[in-house]
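Morning, everyone. Let me put the structure up, and then we'll walk through it.

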Amino acid sequence: MWSLPLRAAILSVLLLAVLLGAWELAVQAPGAGARVPGPSKLFAHAVQELSHPFYDAGPNDKGIGIQLAYSIGRVLAGYSLAALLAIPIGFVIGMSPMWQRALDPYIQVLKPISPLAWMPLALYVIKDSGASSIFVIFICSIWPMLINTAFGVASVRRDYINVARTHELSRFETATQVILPAAAPTILTGMRISIGISWLVIVAAEMLVGGTGIGYYVWNEWNNLNLASVIFSILMIGVIGMLLDLLLARAQRLVQYAD
Amino acid sequence: MTDSFLKVENLARRYPGSKDGEALTVFDQVNFAIRKGEFVCIIGHSGCGKSTILNVLAGLDQASDGAVIMDGREVAGPSLDRGVIFQNHSLLPWKSALKNITFAVQARWPQWSKMQVLEHARRYLGLVGLKGAEDRKPAQLSGGMRQRVGIARAFAIQPKLLLMDEPFGALDALTRGMIQEELIRIWEQTHQTVFMITHDVDEAILLADRVLLMTNGPQARVAESVLIDLPRPRERSTIIHQPGYYAIRNHLVDFLVRRSKELAGGARGPGAEASAHPREVNPIALAAGRQPVDRVQAN
């Protein structure tokens with residue numbers, strides 16, 4: 001009998017074939033009406049795009065690689081800024097019940113705001129569409145990291161803190177040698193949630209501000225009524241999102257420990 | 001006892017009661033002393049505050065009243081001079097067995113070189129028979145091995161006082177026996193001063209020079225200090241054949257079963273003022289009729 005992973009893989013491929021087959025048939029069926037391009041057209045388009053991903057023929061005609069690179073760059077910039085702020089603040093909140101209480105109302109009010117609601121304000125204050133997108137990424141990725149860090153730090157087992165105390169570690173040593181590694185898996189979970197949200201939000205943000213990036217690209221291709229390009233971009237957004245998540249999952253495995 | 005290394009004086013722990021309720025006194029008037037190099041066990045029923053006393057000695061907890069004086073200075077907080085072995089090993093799970101020890105050694109002697117630290121840590125890991133398990137994480141070790149790493153870590157920092165809170169409570173009987181013997185062996189080599197909580201009468205007799213007996217809470221006290229006058233080195237297999245073993249054992253069990261209850265709630269027999277300090281008892285002499293029987297009468 002075949003192994004479970006092998007059987008699952010075969011099933012996966014079969015599903016893909018059925019899905020693509022049905023799609024192709026539906027597209028080629030006789031009748032009127034607007035049609036999305038079928039898999040065969042899409043495949044040809046993908047080959048063409050991926051063979052020159054970085055071409056640059058003016059502001060409205062750039063390769064998908066360049067557009068994705070813009071988006072990834074913005075996500076990483078906003079996300080890194082958020083991490084630099086959220087993790088230290090989360091640490092303080094987690095270690096100090098007073099700060100936790102003091103900051104909690106702000107977090108509760110700011111957290112549910114859709115990141116795009118910040119966009120007009122950001123555009124007005126920053127006066128730069130690229131930087132405004134980065135700000136929106138920053139504001140949406142800060143909360144999961146902040147909350148998870150605070151939670152992870154606050155729930156470090158009393159035993160570990162006692163070990164630090166009986167070994168006369170300073171506050172700083174306790175934070176870096178005991179609390180940080182103990183809370184790291186929870187912090188990484190927050191970072192993983194954040195990168196996912198960032199990637200969701202960047203597409204919308206770039207649709208709004210335009211110029212460059214994969215979100216703008218999708219919208220632009222829609223305006224050009226180039227649906228093969230739209231569908232291809234959607235797939236690429238999925239693939240990059242998956243890769244970002246995979247990266248963080250790897251990092252998470254590095255700091256994971258069995259209790 | 002003028003040569004006391006550790007003195008516990010009138011220690012008490014009270015919890016403020018609810019609105020009109022009376023304050024709860026877990027223990028009060030706890031007095032005892034430990035000499036340098038002495039192995040002292042404390043036995044008492046759950047809830048008498050043994051663990052709180054140990055945590056106060058460690059500096060992790062504070063008493064409501066009274067003082068702990070070690071080496072002429074009052075204990076005010078945790079210190080590397082007092083090593084602690086907790087019931088649940090409390091190793092850092094993201095560090096390997098060896099790293100758990102080097103972490104402690106480094107904290108103890110920050111000026112040591114990496115080589116010195118490693119060598120010292122390896123030696124103590126070897127002492128508990130864990131050579132070859134250096135790189136394993138706590139989750140990859142058995143319960144007994146984990147507790148051994150905890151013992152190695154505590155001995156490695158060579159504290160002036162070692163505190164153990166039921167270190168073998170979570171182990172199965174076989175493992176427990178093996179580790180007890182290892183502990184005796186290491187103790188014979190180091191003559192570390194030890195204060196240990198246990199529930200196990202046989203364990204206390206095997207390990208201790210003296211056993212402190214606590215009455216039941218609330219208002220628990222250390223009622224007796226029982227001398228374990230059996231020759232060392234002791235071994236698990238032979239100690240039960242020592243003359244006097246059963247005299248001691250019966251005395252301890254009798255206290256746990258009967259007198260710990262009778263003396264509970266701060267009940268004072270005749271000679272009440274003397275009972276603030278534990279009565280010193282040598283069951284072997286008592287059995288031989290060499291010590292006057294001045295058993296405290298309950299009520």
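Start where the chains meet. Across the interface of chain B and chain A, three residue pairs are in polar contact, both residues at pLDDT 80 or more. A polar contact here is a pair of N or O atoms within 3.5 Å; within protein, one must be able to donate a hydrogen and the other to accept it, and residues adjacent in sequence count only if both atoms are side-chain atoms.

Before going on, the ground rules. This is a predicted model, where local features need pLDDT of at least 70, side-chain atom pairs count only at pLDDT 80 or more, and totals for chains, interfaces and linings use all residues. Residues are numbered from 1 along each chain as its sequence is written, chains are lettered from A and ligands numbered from 1 in the order in which they are written, and side-chain values use heavy atoms, with hydrogens and water left out.

Back to the interface. How many salt bridges cross between chain B and chain A? Zero, by the rule: a side-chain nitrogen of Lys or Arg within 4 Å of a carboxyl oxygen of Asp or Glu. On the side of chain B that touches chain A, helix 2 (residues 97-108) of chain B gives the most, with three residues. Helices (H or I, at least four residues) and strands (E, at least two) are DSSP runs, numbered from the N terminus.

Now the area. About 1700 Å² is buried between chain B and chain A, and carbon and sulfur atoms give 69% of that. Buried area is the accessible area (1.4 Å probe) that two parts lose on being put together, summed over both. B:Pro93, B:Trp94 and B:Phe103 supply 34% of what chain B buries against chain A, more than any other three residues.

Next, the sheets in chain B. Seven strands form an open sheet, in the order 6-7-8-3-9-10-11, with mixed pairing. Strands pair if DSSP finds at least two bridges between them. At the edges are strand 6 (82-85) and strand 11 (279-281) of chain B, each pairing on one side only. Inside this chain, strand 3 (residues 39-43) and strand 9 (residues 210-214) of chain B run parallel, joined by four bridges. There, B:Val40 stands opposite B:Arg210.

Four strands of chain B form another open sheet, order 2-1-4-5, with antiparallel pairing. Strand 2 (24-35) and strand 5 (73-74) of chain B each have a single partner strand, so one side of each is left without a neighbour in the sheet. Two bridges join strand 4 (residues 65-70) of chain B to strand 5 of chain B. B:Ile69 stands opposite B:Glu74 in strand 5.
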